[in-house]
Amino acid sequence: MRRLSVLMVIAFSLARAGEPRISVSYTRFTLPNGLDVILHEDHTVPLVAVNLCYRVGSANEKPGRTGFAHLFEHIMFMGSKDVPVGKFDQWLEAAGGDNNASTTDDRTDYYEDAPSNALALPLFLESDRMGFLLDSMTEAKVNAQRDVVKNERRETIENVPYGLAPILIDENLYPPDHPYHWPTIGSMADLSAASYSDVVQFFRTYYVPGNASLVIAGDIDPVQAKAAVQYWFSDVGRGAPVPPQPVPVAHLTAEKRVVHEDRVELPRLYMAWNTPAEFTPGDAELDLLAIVLAGGKTSRLYRRLVYDLQIAQDVSAAQVSARMGSEFWIVVTARSGHTLTEIAHIVQEELNKVKNDPPSRRELERAVNQYEASFLDRLENIGTTANLLNTYFRLTGNPDYFNEDLARYKAVDPCDVQAMAGTWLPDDSRVVLSVVPNGKRDLAAAKEAR
Amino acid sequence: MVEKRSRTPHRPCSHSLLILAALATLLAPVLRAQPDRTAPPRPGPPPALRLPPIQHYRLSNGTNVVLLERHSVPIVQINLLVRAGTSMDPAGKGGLASITAAMLTEGAGPRGALEFADAVDYLGAQIAASAGLYTTTVALHAPLSKLDSGLVLLADLVRRPTFLAGELARVRNERLTTILQFRDDPDILASLIFKRTLYGEHPYGAPSMGDAASLASMTVDDLRIFHAAYFVPANTTIIVVGDITGGEFMPKLEKAFGEWGGEAVSPPPVPPVPQKREKTLVLVDRPGAAQSVIRIGRIAAARLTDDYYAIVVMNALLGGPFTSRLNMNLREAHGYSYGASSQFDFLPLPGPFVAAASVQTLVTDKALTEFVNELRGILDPVPDADLERVKNYLALGYTGGFQSVAQIASQLEELAIYGLPDDYFNGYIGRILAVTKSDVERVAHRYINTDDLAFIVVGDRKEIGDRVTALNLAPAKFLTIDDVLGLAPEGGK
């Protein structure tokens with residue numbers, strides 16, 4: 001076992017001259033029950049970050065049970081066989097630790113940050129609920145978190161200006177049987193319908209060690225950390241294999257125009273397209289295109305709409321990457337007295353320009369430089385690093401994909417950006433959503449003759 | 001992404017470099033042994049670790065420099081802290097400090113607004129300026145390889161902003177639109193009316209951005225005079241954190257800022273905070289709202305009070321981390337909310353204490369009752385186990401605030417603003433652990449007085465008005481959004 005510590009000499013290495021190379025060292029092993037484990041040693045601060053990723057999310061939900069993967073995430077904090085309800089948080093806090101969890105379409109993450117002397121505690125807590133959640137599960141626990149989650153939906157969507165827009169976009173961007181069609185937070189009716197037996201079935205299907213990967217990063221001795229993982233997870237049973245999930249391709253065949261009235265002062269335009277999945281060809285080009293269009297004051301849309309014409313309050317663009325397929329978004333809030341038709345016209349002009357001519361070399365370099373700098377920032381926080389190791393492992397099989405990820409951006413040529421804009425942002429297959437003030441449908445983006 | 005809880009648990013914003021390094025003292029378990037799950041594993045003792053010393057320098061023009069080396073990642077953070085804040089806004093010119101800060105990035109030295117933005121973005125750096133009540137922070141965050149170029153831009157921005165009238169007109173319109181958009185956001189409405197209810201016309205009660213009238217009156221001369229008066233070396237501390245050494249970096253800083261001149265003008269004194277306080281309840285009507293946004297509080301404590309550590313511990317029990325009483329009651333026990341919390345905003349003069357949550361409309365009155373129960377409950381002696389847990393949470397979890405260069409720089413800002421000693425961080429854990437049960441009881445009685453609370457509710461008056469009034473918490477006042485923000489300008493509706 002001494003061998004391991006030799007492999008993990010430096011937290012990460014970065015050449016000070018010439019081509020920078022970002023590399024995060026790690027060791028990886030798989031437990032007999034199928035749990036993949038990745039260890040990363042970094043003694044900058046005496047903290048450990050534990051990130052446990054289950055490959056399950058709202059994309060795995062059944063019709064009539066939308067929001068269940070996320071509700072289940074909440075239920076995971078309601079105690080397990082050896083952890084009475086409430087103790088998960090109490091014990092961690094008493095050790096100086098924090099925790100949280102997050103659910104997306106494809107993934108549910110549980111994470112703890114703790115002083116490194118307390119590493120055993122999160123391992124005990126995570127192994128207990130991975131192995132023995134159902135031993136203490138009750139109907140009442142499910143009901144308690146159902147109310148919390150409904151309030152989460154009210155607080156993060158219904159009581160937020162423009163809060164329903166992302167849900168409306170996904171409803172229109174994906175056909176009803178596509179797993180990205182429904183929102184991760186779920187509908188109120190489906191949250192009401194979730195039952196105790198759903199919890200049992202979901203846990204047995206997806207919360208098995210072979211469907212999870214555990215990253216421990218920070219101030220660890222890898223030999224001891226490995227022993228601790230082996231100890232705490234040794235009695236977690238293997239469970240049944242997870243059923244394979246088909247990956248459907250989403251592709252619109254028409255432009256869909258949607259108008260939604262909201263309690264807002266200003267109309268906001270959303271354009272969205274189906275684009276290539278995370279880490280597949282086109283993904284990095286579209287990330288860079290988002291910066292060319294709307295990253296900073298000199299970006300094309302910001303400069304025209306906000307700076308020069310001053311008909312918009314803000315613009316943003318993003319390639320929102322995900323496992324089964326991504327989305328490219330452009331979002332513009334109009335200033336008072338301006339319609340979304342006016343805004344959409346300018347956006348269309350700028351889209352046409354970037355499809356007809358490549359961006360300048362400086363525009364592209366500016367975007368790449370911003371990406372390169374952001375890679376350094378990601379290494380400052382041990383929890384962020386742990387999350388990235390798990391993300392890279394899940395999507396590429398290589399936890400230390402940092403350099404390959406950055407290389408994707410550095411390899412992009414201006415013509416690639418132009419080509420991807422032409423291929424993936426067509427005018428005749430996209431969602432154009434107008435969110436307008438109540439009673440002001442005349443402000444929505446009207447279809448123009450082109 | 002949808003998360004377990006809505007917020008990062010509150011930790012006090014100043015901390016230390018003394019921290020627990022940690023040998024993995026935990027168990028050395030026998031491989032393959034059946035794990036002992038009968039009790040949670042006990043952490044080993046947290047050994048102390050000291051971060052590098054805080055270095056002090058002075059440029060030839062008198063500018064103070066505080067520097068801390070952090071060599072783990074090749075990036076650097078420079079926070080240039082200027083004693084120029086919104087509490088110095090002249091009468092009728094509310095928002096001047098804020099818009100002056102914003103205008104620094106709209107053209108400086110030889111570059112116009114677009115050229116300046118292009119230069120910063122091309123470096124992959126970030127430059128931002130924003131004004132608080134007493135200080136403006138101009139922050140540069142840059143990869144080490146781009147630091148020298150970034151420093152030139154930072155110096156231009158601080159020393160040679162151009163404040164062009166055309167750019168001011170644009171930024172003013174942007175801000176007027178932002179104020180219009182405040183009408184959409186119940187959290188912002190609640191915060192604005194909470195401040196105003198507590199502090200009235202005092203600078204602590206004013207919106208930092210000003211209002212439509214004060215923005216309309218703003219000229220580039222106002223900005224130039226404000227900048228010339230306060231943006232001077234004697235008013236400035238430059239905080240540098242990152243992958244540099246004092247020896248190699250100080251000559252560069254001297255070159256960028258050493259010849260910067262100007263005489264400091266004394267800021268007008270900030271008047272004392274209001275003394276006379278009355279219980280009050282304000283309901284801002286938002287028809288059809290899915291939730292009611294609640295803020296409850298009062299004017300509480302100044303940053304340099306001797307009660308500081310006891311207050312931090314007491315607040316953590318009441319509304320800090322996940323297991324705090326407000327969250328356990330309103331979220332976990334009753335399911336009224338996605339999360340409830342409280343905090344003390346520590347300022348040079350007594351700042352506000354506030355307890356907050358968004359609750360489902362139909363249970364607004366019940367939620368208010370539970371808030372009051374918890375605010376009364378914290379006046380009773382706290383159980384030893386709860387006190388231990390929360391002190392350990394604050395003391396042991398302390399390291400988390402020192403991970404990034406930006407975090408460390410903002411910790412150092414607090415030292416500079418309040419004149420705290422360099423060993424302040426080292427003493428922090430000990431001072432938290434020294435807080436006693438009677439300290440907590442004393443500060444609860446002193447600062448969570450339930451006789452003069454302000455209750456703010458932003459929600460659907462038709463649904464909640466009668467039941468909330470029936471609680472008889474305080475004399476009720478009913479406002480509309482127009483009462484809070486003034487009428488929306490034509491064209492905005």
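The model is predicted: local features need pLDDT of at least 70, side-chain atom pairs count only at pLDDT 80 or more, and totals for chains, interfaces and linings use all residues. Residues are numbered from 1 along each chain as its sequence is written, while chains are lettered from A and ligands numbered from 1 in the order in which they are written.

Chain A comprises domain 1 (2-233) and domain 2 (256-358 + 413-443); domain bounds come from an automatic or database domain assignment. Their C-alpha centres lie 32 Å apart. The contact between them takes 13 residues from domain 1 of chain A and 16 residues from domain 2 of chain A. Two residues are in contact if their C-beta atoms, placed from the backbone, lie within 7 Å. On the domain 1 side, 10 residues are nonpolar, 1 is polar and 2 are charged. Here Ala, Val, Leu, Ile, Met, Phe, Trp, Tyr, Cys and Pro count as nonpolar, Asp, Glu, Lys and Arg as charged, and the others, Gly among them, as polar.

Chain B is divided into domain 1 (55-257) and domain 2 (280-485). The centres of these domains, taken over C-alpha atoms, are separated by 29 Å. In chain B, 30 residues of domain 1 are in contact with 28 residues of domain 2. The largest share of the domain 1 side, 10 residues, comes from α5(B). Helices (H or I, at least four residues) and strands (E, at least two) are DSSP runs, numbered from the N terminus. That side of domain 1 of chain B divides into 18 nonpolar, 9 polar and 3 charged residues.

The contact between the chains takes 83 residues from chain A and 83 residues from chain B. Elements of chain A that each supply at least two residues to its side include α4 (120-132), α5 (139-158) and α13 (361-378). The side of chain A that touches chain B holds 31 nonpolar, 27 polar and 25 charged residues.

Helix α4(A) has 13 residues. From first C-alpha to last it reaches 17 Å, close to the 18 Å expected at 1.5 Å a residue. The expected span is 1.5 Å times one less than the number of residues. Of the 13 residues, 12 are buried. A residue is buried if 20 or more other C-beta atoms lie within 10 Å of its own, exposed if 12 or fewer, and partly exposed in between, with C-beta atoms placed from the backbone. Among the buried residues are Phe124(A), Glu126(A), Asp128(A) and Arg129(A). The buried residues of α4(A) pack against β5 (47-54), α3, β7 and α9 of chain A.
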